[in-house]
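Hi,

Here is the structure I said I would pass on.

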Amino acid sequence: RRNRGGLLNQRSFIVTDPERSFPGQRSRSPRRKWQLLPGRNRFYCDGRIMMARQTRVFYLTLVLILLTCGLFFTFDCPFLASHLTPAIPAVAGVLFVFVMATLLRASFTDPGVLPRATPDEAADLEGPTGEGVLNPPPRSREVLVNGQTVRLKYCFTCRMFRPPRASHCSLCDNCVERFDHHCPWVGNCVGRRNYRFFYLFILSLSFLTLFIFAFVITHVIIRSNRTGFLSALKDSPVVVCFFSIWSIVGLSGFHTYLISSNQTTNEDIKGSWSTKRGKDNYNPYSYGNILTNCCAALCGPLPPRSGLLLSTTVLASSPPSPLPPLPPLPPLPAPPPPLSPPPLLPLPLSPPLLPPPPLLPLPLSPPPLPPPPLLPLPLSPPLLPPPPPLL
Amino acid sequence: LRPPAVSSKVFVQRDYGSGTISKFQTKFPSELESRLDKQQFDETIQTLNNLYAEAEKLGGKSYLEGCLACLTAYTIFLCMETHYEKVLKKISRYIKDQNEKIYAPRGLLLTDPIERGLRVVEITIYEDRSIGSGR
C-alpha cells in the first residue's frame, strides 16, 4: 500500500487520522475513510457494501423468498413442466434471479448518505462566536425552488442545512438524499441512489408472487380433477396468501404512483405538495409529464457515492504540501473581516408538522408470502405469520 | 519553508433555484475580494455548474445507459464506468488545474465538492505572507 498523494488526489488509500492520533505520533493502523464515518451503518467488503445496523429482518426476507421459491421449484415445477410446459420454471427462474439481484442491490447500495459538515463548515453556519459559545443557526431556511417555496431544515446531528428532499434517518443516524423511507425488510434506507433498485425489487416480487400463486392454483385445479376441487383447495392456504400478495402488489402500485408524480414516500405522507395546503402548492421537482418522471427515476444517471465514503480515498485533513511562493500582491487594505453568516430570513418556528417517520409501519413493506406449493397429501396448513393489514 | 497557515475558509453554497440538480451560487464572497477577480471566480463556478449539468443530464444517452444496466442486472458497472463517474473525474482534473494555475498562486485552495457531498465548494484562504517579506 503506497501513499500516493495529497489533498488533490483521491486515489490513495492509506489514511492517517490526525484527529485521533496523539500529536507528534503517527497513527499505527491505516484506516479507510468509511471507517471514520459517524452514523450507525455496517460495512462489508471494505466499504463496498453498506447496510443499516439492524439486519435481522433482511435475513428474514431472504429466507422467506428462498424458502418459498425453493418449495415451488421442488414440488410444483416438475409437475407443471411435465404436464404443461417447461417455460414455466424457466420464467420463474428468471424472475427469481431478478428479484434476488435487485434485493441485494437495494440492500447493499449506499442510499445517498450525505457526509456530515466539517467543523469549519459547521462553524461557518453557526456564526461568530462570543466567548466560546456557538450560536445555533435558525431552525430552517427558505429557498425558492422552481417558483415554489421550500423550507430547508437544519440538522443538529449533521450540523448542516439539509438539501431539499433530504431527511435524517434516526435509525441509521445519517442524512440521506431524496430520502424515501427506511425499509427494515431490505435492511437499509431507500434514498436517491437505491430507489430504483427498491422499486424494481417490489415490482419483480409482485410478478413473481403472482406467477407462483397462479401456477399453484393451476396445480391445485389439475390435481383436483383427481381428488375434487374443494378438498384440494381447503388444504392449501390460498386465502391467507391472497392478502399477502395484495399487500405487495398494492405497495408496487403505490410506488408506481410516487414515481410517476416524482414524490417521495416522506413527502406523500406529509402531504408536502398536496393542494390541501394551499391553492398554489405544487411539486417543484416533477418534470411535468409521467413518462419523464418515470424515466428520470428509473433510467436517469446514478450519482456515485460521496467522496468521503469511497473505500479507496485518503483522509485529507493534514495540510497540503507547501504552496508555491506567492507573487507580489497589492497591499491589503485591512485584515479580512470575520466570516459573517449568510443572510437568513428570521422565520417564526413552523407549527409542528408530522415528523418524517424513518421507519414506516409494517403495512407498507409487507413480507413476501407467496402461497406455498401444494405438498403431497396429507397436508397440514403450514404455520404462516398473520397476514399484514391491507395498504 | 513551512507550509502556510490557514487563515479562513469560505463556503460557496448550493443554488437550489432550479431543483435538486447540482449547481452552486455564483455570488462572489466578500472574503475573496482582496485575492481574486470576480470574473475568474465566476468562470470557475460556471464551468463547474456546466460540468455537473452535463453529468446529470437526462437524455437519450443516459436513458440508454440506465436501460442497459438494468438489463444486465447492473453487473455491467463492474467493468464499465458510469457517465457520471467519468464527468466527476473530469471535474476533479479541472479543479486541480484551476488550483495550480489560478488559486494556489493567490494563496487559495479549492476543495472538490464531491468530498463534501456536493453541498459546498470549500475555498481555503491561506495567510498572505507577501507583505513585508522580500522574495
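Predicted model: local features only at pLDDT ≥ 70, side-chain atom pairs only at ≥ 80, totals over all residues.

A word on burial before anything else: a residue is called buried under 20% relative accessible area, exposed over 50%, and partly exposed in between, using a 1.4 Å probe and protein chains only. By that rule, 48% of the 391 residues of chain A are buried.

Residues are numbered from 1 along each chain as its sequence is written, chains are lettered from A and ligands numbered from 1 in the order in which they are written, and side-chain values use heavy atoms, with hydrogens and water left out.

**Chain A overall**

Chain A has eight helices and 10 strands. Helices (H or I, at least four residues) and strands (E, at least two) are DSSP runs, numbered from the N terminus.

**Two helix pairs**

In chain A, look at α1 (residues 56–83) and α2 (residues 87–108): their axes come within 10 Å and cross at roughly 175 degrees. Axes here are lines fitted to C-alpha atoms, for helices over the stretch in contact, and angles run from 0 to 180 degrees between N-to-C directions. Angles under 35 degrees count as roughly parallel, over 145 as roughly antiparallel, 65 to 115 as roughly perpendicular and the rest as oblique, so α1(A) and α2(A) are roughly antiparallel. Residues making this contact include A:F58, A:L62, A:F72 and A:L80 from α1(A), and A:I88, A:F96, A:L103 and A:F108 from α2(A). By class there are 19 nonpolar, three polar and no charged residues. For the classes, Ala, Val, Leu, Ile, Met, Phe, Trp, Tyr, Cys and Pro are nonpolar, Asp, Glu, Lys and Arg are charged, and the others, Gly among them, are polar.

Chain B has a pair of its own. Helix α1 (residues 38–55) and helix α3 (residues 83–103) of chain B have axes 9 Å apart and pack at an angle of about 170 degrees, so α1(B) and α3(B) are roughly antiparallel too. Among the residues that meet are B:F41, B:L48 and B:Y52 in α1(B) and B:Y84, B:L88 and B:Y94 in α3(B). This contact has 13 nonpolar, five polar and three charged residues. B:K38 is also in α1 of chain B and is partly exposed, at 47% relative accessible area.

**Where chain A meets chain B**

Helix α3 of chain A (residues 119–126) has A:E121, A:A122, A:D124, A:L125 and A:E126 buried. What do the buried residues of α3(A) pack against? They pack against β4 (140–145), β5 (148–155) and β6 (160–161) of chain A, together with β1 (6–13) and β3 (120–126) of chain B.

**Single residues worth a click**

- A:N188 is in strand β10 (residues 188–190) of chain A and is buried, at 0% relative accessibility. A polar atom of its side chain lies 2.9 Å from the backbone oxygen of A:S107. Beyond neighbours within four places in sequence, the contacts of A:N188 include A:M50, A:F108, A:H182 and A:N194.
- A:T68 sits in helix α1 of chain A and counts as buried at 10% relative accessibility. A polar atom of the A:T68 side chain is 3.3 Å from the backbone oxygen of A:I65.
- A:R165 lies in the loop between β6 and β7 (167–169) of chain A. Its phi is near 70 degrees, a positive value in a residue other than glycine, and A:R165 is buried with a relative accessible area of 12%.
- A:D173 is in the loop between β7 and β8 (174–176) of chain A. Phi of A:D173 is near 60 degrees, again positive in a residue other than glycine, and A:D173 is buried at 18%.

Cheers

Technical notes
Polar contact = N/O pair within 3.5 Å; in protein donor to acceptor, adjacent residues only side chain to side chain. Contact = heavy atoms within 4.5 Å.
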